[in-house]
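Hi,

Here is the structure I promised to pass on.

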Amino acid sequence: QVQLVESGGGLVQPGGSLRLSCAASGNIFTINVMGWYRQAPGKQRELVAHITQGGSTNYADSVKGRFTISRDNAKNTVYLQMNSLKPEDTAVYYCNADVLRYGSARYVPYWGQGTQVTVSS
């Protein structure tokens, strides 16, 4: 079993900052890509950012220059620093990780439960 637990969501005013964390635990040999996705009401889930084990990153155009993704491989944890938040950033944010479990030969994607981020005055 593998669990991903997110934390750090909440209510913030426009222009404010939040930092999300996602810790993976369980039967983990190694993790390849880790990422953050978001889903706003009435919209499809979309990629926000992802980071490889080696530290290469990719961002959605809408968050470039405002959000920073990072990870601690020793802790199986990924972070999302969100600055200059806008009302359109309001969504449920989900953590994702491609995990190779002990005894397995392939990577499997796992998802966290999601954490609500609301940007409003």
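A term you'll need throughout: I call a residue buried under 20% relative accessible area, exposed over 50%, and partly exposed in between (1.4 Å probe, protein chains only). Bear in mind that this is a predicted model, where local features need pLDDT of at least 70, side-chain atom pairs count only at pLDDT 80 or more, and totals for chains, interfaces and linings use all residues. Residues are numbered from 1 along each chain as its sequence is written, and side-chain values use heavy atoms, with hydrogens and water left out.

Salt bridges first. A salt bridge here is a side-chain nitrogen of Lys or Arg within 4 Å of a carboxyl oxygen of Asp or Glu, and the structure holds four of them. Asp89 takes part in a bridge to Arg66, with the closest N and O atoms 2.7 Å apart. That one links distant parts of the chain: Asp89 is in the loop between E8 and E9, while Arg66 is in the loop between strand E6 (57–59) and strand E7 (67–72), 23 residues apart. Both Asp89 and Arg66 are buried. Through shared partners, salt bridges join Arg38, Glu46, Arg66 and Asp89 into one network. (Helices, H or I with at least four residues, and strands, E with at least two, are DSSP runs numbered from the N terminus.)

Asp89 also bridges to Arg38, with 3.0 Å between the closest N and O atoms. Asp61 pairs with Lys64 at 3.1 Å between the closest N and O atoms; Asp61 counts as exposed, at 64% relative accessibility.

Now the aromatics. Rings of Phe, Tyr and Trp (its six-membered ring) pair if their centres lie within 6.5 Å; planes under 30 degrees apart are stacked, over 60 edge-to-face, and the rest tilted. There are two such pairs. Phe29 and Tyr102 are edge-to-face, 5.3 Å centre to centre with 75 degrees between the planes. Phe29 lies in the loop between strand E3 (18–26) and strand E4 (30–39) and Tyr102 in the loop between E9 and strand E10 (107–111), so the pair ties together parts that are 73 residues apart in sequence. Both Phe29 and Tyr102 are exposed. In the other pair, the ring centres of Tyr37 and Trp111 are 5.0 Å apart with planes at 65 degrees, so this pair is edge-to-face too. Tyr37 is partly exposed at 23%, and so is Trp111 at 39%.

(The cut-offs are NZ of Lys or CZ of Arg within 6 Å of the ring centre and within 35 degrees of the ring normal.) Arg45 is in the loop between E4 and strand E5 (46–51) and is partly exposed, at 35%.

Last, the core. A nonpolar core is a set of buried Ala, Val, Leu, Ile, Met, Phe, Trp, Tyr and Cys residues joined through side-chain atoms within 4.5 Å. The largest one has 32 residues, of which Trp36, Leu80, Met82 and Tyr93 touch the most other members. Its largest share, five residues, comes from strand E9 (residues 91–100).

Cheers
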